[in-house]
Each structure stands twice: as C-alpha cells, then as structure tokens.
Amino acid sequence: MENLDDDSVRRKGSTVVAERQYKFSWDFIGDTAQGRPNLGNMTRIEVYRLFQYTLRDVLEQSYGTEEADRLLYRAGFLAGTELCEKFVGRCESLSEFVKKVEDLLIELKIGVLRIEEMEKDTARFVLTVAEDLDCSGLPEVGHAVCNYDEGFIASLLEFQTGRPFQVKEVDCWCTGDRTCRFEAALTGETA
Ligand SMILES: [Zn+2]
C-alpha cells in the first residue's frame, strides 16, 4: 500500500515518472473559505457531472472506452484512499469503519451507502449506493457507468482490511435500476 503513493512510480505498470505536477494533495482542494468568501464551498451537481463526463469524453477519445474506464476506476480508488486517510482512519472493527464511511458519504452528499451482503469467510461483499453522485437520474443506456465508484469502493475495503478487492457495478441507474449495486471480491478470486 505504501508504495502506491510513491512520487516516482505509477500504481501498477511500473512506469517511472521523473516529475509530476499533479500528484494528488489536499492543497488542490485549498482553503475554500478564504478563496470563495461569497460563493462558498458548494456548487451544483450539474457542475460536478459536467466536469466528470467531459473529462470522460476526452479520456475515451484519447485512450478508448476500456482504458478510460480503468483510469476513472483508479481515480476513484485514489479519492477513496485519500478521503479515508483524512476523515475516517483505520478502525477497530469493520462495522465501525462502515458506519463512519456511511456517515461521511452522507455528510459530503456523495450517496447513501449500505452493505447488503457480507460473507466474512470469503470476503465477498454486495454494497449499494442510493442517490449516487455519478449516475442517479441518468437515462438507461444498457450498461453501468459508475467505474469511479467501483474504484472508490475497492479502496474503502482495502483501506480497512489491508486486502486488495476488485469491485464491479452490477446495477445502475443506467441499467434501468434505481440504486447502484456493487459486488466486491478479493482480487484474484471470481466475483
Ligand atoms: Zn451507477
């Protein structure tokens, strides 16, 4: 886990990057109270989605759909890890961790997380996110779109358990469902 954030090495792939300008730092979030004394720290969900889906458009044009999805997954993973480190921390028990994360995701208006199924022996989980930030209200397009959330959830599970998970969205507003549902299994085991 520690090496993933190493300045000089990209996660998986081992491509050495000599210098980076945008390694994530909370400095990029900045002091919003100072920076936006009148407009404040809130914006509209349309703005968030405009940003995500325009970035996704150009990622897909540049790298193809599969790679664009993978990049979003990795970004979600990074976001989840950073949020956990800053606001949650490792907990004594998984249930305590889940409660803290559920509360955080509601406070930040990311979505309403629930663990639907948990098999402790096999470390398989089914989780739902209602009113999800990325897709709730989108029309049905025949496939799930929440790759960012997949990575985000994978990072949460890995953060607390120390074990790597692969997460797949199986229901989504974009598959005609009214909540997002994710299956998580340890990496290397079939989901
Ligand atoms: Zn979804």
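Modeller: A residue is called buried if 20 or more other C-beta atoms lie within 10 Å of its own, exposed if 12 or fewer do, and partly exposed in between, with C-beta atoms placed from the backbone. Buried residues make up 25% of the 191 residues in the protein chain. This is a predicted model, in which local features need pLDDT of at least 70 and side-chain atom pairs count only at pLDDT 80 or more, while totals for chains, interfaces and linings use all residues. Residues are numbered from 1 along each chain as its sequence is written.

The protein chain has 5 helices and 4 strands; these are DSSP runs numbered from the N terminus, helices (H or I) having at least four residues and strands (E) at least two. Along the sequence they follow the pattern α-α-α-α-β-β-α-β-β.

Now the core. A nonpolar core is a set of buried Ala, Val, Leu, Ile, Met, Phe, Trp, Tyr and Cys residues joined through C-beta atoms within 7 Å. The largest one here has 29 residues, and Ile153 and Ala184 have the most contacts inside it. At least two residues of this core come from each of helix H3 (65-88), helix H4 (94-107), strand E2 (124-130), helix H5 (147-161), strand E3 (165-171) and strand E4 (180-186). H5 gives the most, with 7 residues. Two residues are in contact if their C-beta atoms, placed from the backbone, lie within 7 Å. Leaving aside neighbours within four places in sequence, Ile153 is in contact with Leu127, Val167, Phe182 and Ala184.

Next, the helix pair. Two packed helices are described by the angle and the distance between their axes. Axes are lines fitted to C-alpha atoms, for helices over the stretch in contact, and angles run from 0 to 180 degrees between N-to-C directions. The axes of H3 and H5 come within 6 Å and cross at roughly 40°. H3 and H5 are therefore oblique to each other; angles under 35 degrees count as roughly parallel, over 145 as roughly antiparallel, 65 to 115 as roughly perpendicular and the rest as oblique. Their crossing is right-handed, a term used if the near helix is turned clockwise from the far one by less than a right angle, anticlockwise being left-handed. Residues making the contact include Leu72, Ala79 and Cys84 of H3, and Tyr148, Phe152 and Phe159 of H5.
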